[in-house]
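Have a look at the model first.

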Amino acid sequence: MNKTVKIACACNKKFAVLLATLLKSIEVNHCINGNTVEVFIIDNGIGEKRKNKIIDTVDQQKVSLRFLKIPLHLKNTLNAFPNGSKFTHYYRLFLVSILPETIERILYLDCDMLVLNSLTSLWEIQLNPNEIIGAVEDTPTKTVNSKVYHNVSVISNWQQLGFDMNDPYFNSGLLLIDLYKWRENNITQKVIDITAQYFEHVFHYDQYGLNVILRNKWKLLNTRYNSFCTQKELDLNDIVILHFISIKPNAFDYPNGYQVLFYHYLDQTKWSKNRGLEYKKMPKLFDRVLKKHPILQNFGDNLLYEINQFIQPW
């Protein structure tokens, strides 16, 4: 198998610093002994300044970068459901359309990850004929009937869709994808269609549709390839990929473990020594007034969010 691992990520300006940190961890921990990676980055408004910082973070002899845009006509297909085209999460569905057709497989990684050991063992995993992807069971919600907010199942209409209650449910932050099989089975359109059809049941963006459409068509991978930061006492010598789910480790109020480890790699990027700032809150008097006027409260909340994003060093 080709020694160059081919990786894809999807990123916007908010996640640029996380992507840079992920790429540096790949360079440090995988790109040794002649190993290289080719990274295809779906660019959803990263911006030139941040893009240049990402490029300058890595040794491109080891980590080759290619920035790709999703054509408008593909984005528009996501408008089959509310606000679909606005969310970067869904853009990975178009990898089969924007990557060179000569690429047989791709390793998709969320930006909020660290690679702590070589990716070779993961890259060399063989998928069986019926398996389109390899993925890791979602640690908090291992089955389609696992409960999330308000005691609702992660796939709330699992019975309607013909699942058994203990059918496994995967986390889509890491996907080892056979692009030929994906294309042959028209997975992208099927995920969009099922998302639109059952949008009221959708949880975690396209993770719902991927689990529904790829039922019995995915290989269960070892959790060392997608271990969650919410797990305590992880063996970091064994883990290949650490995943910072939920609140991100560059946030001021990050509540989980391994933040020191994250900053160890961040400080090797062009965002070195930057740390998240405490979010500004609405003054109590204004907050009490706004709560009486939902439209004004929504405007105030959005304005405060934009202010807090602006003051962050990312």
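A quick word on the model: it is predicted, with local features needing pLDDT of at least 70 and side-chain atom pairs counting only at pLDDT 80 or more, while totals for chains, interfaces and linings use all residues. Residues are numbered from 1 along each chain as its sequence is written, and side-chain values use heavy atoms, leaving out hydrogens and water.

Start with charge. Lys281, Lys284, Arg288 and Lys292 gather on the surface as a patch of positive charge. (Patch residues have over 30% relative accessible area and no salt bridge; like charges are joined within 9 Å, nonpolar side chains within 5 Å.) Lys281 sits in the loop between α9 (259-266) and α10 (284-290). With a relative accessible area of 69%, Lys281 is exposed. (Buried means under 20%, exposed over 50%, and partly exposed in between, using a 1.4 Å probe and protein chains only.)

There's a nonpolar patch on the surface too: Phe299, Leu303 and Ile307, which together have about 300 Å² of accessible area. Leu303 belongs to helix α11 (residues 294-311) and is partly exposed, at 45% relative accessibility.

Now for the cysteines. How many disulfides does the structure hold? The count is 0, where a disulfide is a pair of cysteine sulfur atoms within 2.5 Å. The sulfur of Cys11 has its closest cysteine sulfur in Cys111, 4.1 Å away, so that is too far for a bond. For the sulfur of Cys31, the closest is in Cys9, at 13 Å, also too far for a bond. Cys11 is buried, at 1% relative accessible area, and Cys31 counts as buried at 3%.

Conventions. Areas by Shrake-Rupley, 256 points an atom, 1.4 Å probe, with all protein chains shown as cover. Salt bridge = Lys/Arg side-chain N within 4 Å of Asp/Glu carboxyl O. Lys, Arg positive; Asp, Glu negative; His and termini not counted. Charge placed at Lys NZ, Arg CZ, Asp CG, Glu CD. Helix = DSSP H or I, 4+ residues; strand = E, 2+ residues; numbered from the N terminus.
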